[in-house]
Amino acid sequence: MMLDTVDRILAQWEEARPDLDCRPMGIFGRISRAGRVFGSRMEQVFEKEGLSTIEFDILATLRRSQMPLTPTQLYQTLMLSSGAMSTRIDQLVKRGLLQRQASDEDRRSNRVALTEAGRRLIDTTLEAHVENQHRMASALDSDEQHQLACLLRKLMTDEER
């Protein structure tokens with residue numbers, strides 16, 4: 001098995017502080033490093049299509065929801081502030097990727113929907129994104145990918161309780 005940077009860090013801690021069990025550093029160090037490395041590779045796909053990560057997330061959320069959403073629903077889903085969401089929505093409306101629809105229930109409220117151009121862009125970008133993720137995960141076979149996803153889910157569901 002090849003050693004990585006985290007293995008070298010753990011070996012240094014073992015030498016410097018043999019009294020500490022630093023094995024969890026191996027898990028979270030690799031998760032953190034993987035997030036940075038793979039996040040950057042995903043951003044490259046979005047940038048090729050002229051999108052930031054958050055713009056991709058907004059368009060993808062609307063696409064998978066298959067219905068218009070309120071700005072509040074969007075920012076709660078994406079964990080953004082309402083101000084940041086409003087700014088992003090405004091930018092995407094100006095680019096012709098989103099449209100605002102007045103609410104039937106409350107004239108002060110509106111919903112946001114993909115335009116046809118927005119739908120085409122997110123579909124194209126999503127296909128490239130999924131293909132990129134397959135490439136990034138290709139070091140693992142199908143069973144290993146499933147096992148890793150299950151283990152990460154277990155960590156996250158325990159944390160979300």
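Let's start with helix 1, residues 5–16. At 1.5 Å a residue, its 12 residues should span 16 Å, and the end C-alpha atoms are 17 Å apart, which agrees. The expected span here is 1.5 Å times one less than the number of residues. Helices are DSSP runs of H or I, at least four residues long, numbered from the N terminus.

Some ground rules. This is a predicted model, where local features need pLDDT of at least 70 and side-chain atom pairs count only at pLDDT 80 or more, while totals for chains, interfaces and linings use all residues. Residues are numbered from 1 along each chain as its sequence is written, and side-chain values use heavy atoms, with hydrogens and water left out.

Back to helix 1. What caps its N-terminal end? D4 does: a side-chain oxygen of D4 lies 3.2 Å from the backbone nitrogen of V6.

Next, the aromatics. The structure holds 1 aromatic pair. The ring centres of F46 and F56 are 4.2 Å apart and the planes meet at 15 degrees, so the pair is stacked. The cut-offs: rings of Phe, Tyr and Trp (its six-membered ring) pair if their centres lie within 6.5 Å; planes under 30 degrees apart are stacked, over 60 edge-to-face, and the rest tilted. F46 sits in helix 2 (residues 23–48) and F56 in helix 3 (residues 53–65), so the pair ties together parts that are 10 residues apart in sequence. Both F46 and F56 are buried. Buried means under 20% relative accessible area, exposed means over 50%, and partly exposed is in between, with a 1.4 Å probe and protein chains only.

Now E55, which is also in helix 3. Is E55 buried or exposed? E55 has a relative accessible area of 7%, so it counts as buried. Its side chain makes a polar contact with the side chain of R95, at 3.3 Å. A polar contact is a pair of N or O atoms within 3.5 Å; within protein, one must be able to donate a hydrogen and the other to accept it, and residues adjacent in sequence count only if both atoms are side-chain atoms.

On to Q66, in the loop between helix 3 and helix 4 (71–78). Q66 has a positive phi of about 60 degrees although it is not a glycine. Most residues other than glycine have a negative phi. At 68% relative accessibility, Q66 counts as exposed.

Pockets next. A pocket is an open set of points on a 1 Å grid over the protein atoms alone, where a 1.4 Å probe fits, with protein on both sides within 12 Å along at least five of seven lines; lining residues have an atom within 4 Å of a point. The largest pocket holds about 1200 Å³ of space. It has 31 lining residues, and the closest to its centre are A34, F38, L140, L148 and L152. Which helix gives the most to this lining? Helix 2 does, with 11 residues. Helix 1, helix 2, helix 6 (116–137) and helix 7 (142–160) each supply at least two. By class, the lining has 17 nonpolar, 9 polar and 5 charged residues.

The second largest pocket has a volume of about 230 Å³. M1, M2, L3, D4, D7 and R30 line it. That makes 3 nonpolar, no polar and 3 charged.

Last stop, helix 6. L126 lies there. At 34% relative accessibility, L126 counts as partly exposed. L126 and R63 are 63 residues apart in sequence and 9.9 Å apart in space, C-alpha to C-alpha. H129 is in helix 6 too. H129 is buried, with a relative accessible area of 9%.

Technical notes: Points joined across faces, edges and corners; volume = space filled by probe spheres on them. Nonpolar A, V, L, I, M, F, W, Y, C, P; charged D, E, K, R; others polar.
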